[in-house]
Amino acid sequence: LAQTADATGTTLAPIVLESGGSGVGPDATIVAKASRSSSKTDTPLLDAPASVSVVTEEELEKRGVTTLDEALAYTPGVSTDIYGSDNRYDHYLIRGFYSTGNATYRDGLPMYTGGDFTTNRIEPYAMQRIEVLKGSNSSLFGLSGPGGIVNAVTKLPQDEKFGEVYTTLGDGHVETGTDFGGPLDADGIWSYRLTGKWQNADAGIDETEDDRIYVAPALTWSPTADTSFTLLMDLHQTRCHLRECLQFG
């Protein structure tokens, strides 16, 4: 005998999917909602299969961070400033392991920071967030320290026009910077950003200095909502003291 289906049926409640936010920023608050370091995809931090700490651009600004050491100072499991006044490199430990040489990444790409006088340093003003991926999950990036890695995310062009200029004056310290950008056409296919900083400062000890010049232009082409290509260049020049060259007596 043929059976007739029940015409009434059952209506299920709607399922709403909400994005956890961009895994690379920018973030509107101090607290980040998502990260890309844990899985190479935009994953909410509550669902990340790893221990990840994020220092957002908002936090960097409110704390007045000037070095990577300062940015990581309040991160659980990370020890900074282990060589005191030596400002040639960014020195830090992750879970007790020295991680400066092979665990510093920028936009997911390794920065060589272990070689004598050719070390690159991270300029915090040029970053929109700094992430720390701890433990063995850091092998997702390839060569890394056993304690984890630090991945700095560079400021990129945005869909809306923005801009800022700041100046800092103090005893033995003069600093100014600018960060502006926005769309170049009405359709938003092309956008740009220019970040710059100039600093002439003492390092807090006689015969020492902490001078910096940083310029980073960026241009983004977004032909579709799912496709974008960014050309980013930067000039980063620092002049600092050598710990071994301090004058004593």
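Tutor: Buried here means under 20% relative accessible area, exposed means over 50% and partly exposed lies in between, with a 1.4 Å probe and protein chains only. The model is predicted, so local features need pLDDT of at least 70 and side-chain atom pairs count only at pLDDT 80 or more, whereas totals for chains, interfaces and linings use all residues. Residues are numbered from 1 along each chain as its sequence is written, and side-chain values use heavy atoms, leaving out hydrogens and water.

Student: What share of the residues of the chain count as buried?

Tutor: The chain has two helices and 16 strands, taken as DSSP runs (H or I, at least four residues, for helices; E, at least two, for strands) numbered from the N terminus. Of its 249 residues, the share that counts as buried is 38%.

Student: Among contacts between residues at least 6 apart in sequence, what percentage join residues at least 24 apart?

Tutor: A contact has heavy atoms within 4.5 Å. Among the contacts in the chain that join residues at least 6 apart in sequence, those spanning at least 24 come to 52%.

Student: How do the rings of Y105 and F141 pair, and what is the angle between their planes?

Tutor: Rings of Phe, Tyr and Trp (its six-membered ring) pair if their centres lie within 6.5 Å, with planes under 30 degrees apart counting as stacked, over 60 as edge-to-face and the rest as tilted. There are four aromatic pairs by this rule, and among them Y105 and F141 are 5.3 Å apart centre to centre, in an edge-to-face pair whose planes stand at 65°. This pair links distant parts of the chain, since Y105 is in strand β7 (residues 104–106) and F141 is in the loop between β9 (127–134) and β10 (148–154), 36 residues apart. The pair is edge-to-face, at an angle of 65°.

Student: Which residue has its charged end over the ring of Y125?

Tutor: A charge sits over a ring if NZ of Lys or CZ of Arg is within 6 Å of the ring centre and within 35 degrees of the ring normal. K40 lies over the face of F141, 4.7 Å from the ring centre. Over the ring of Y125, at 4.2 Å from its centre, sits the charged end of K155.
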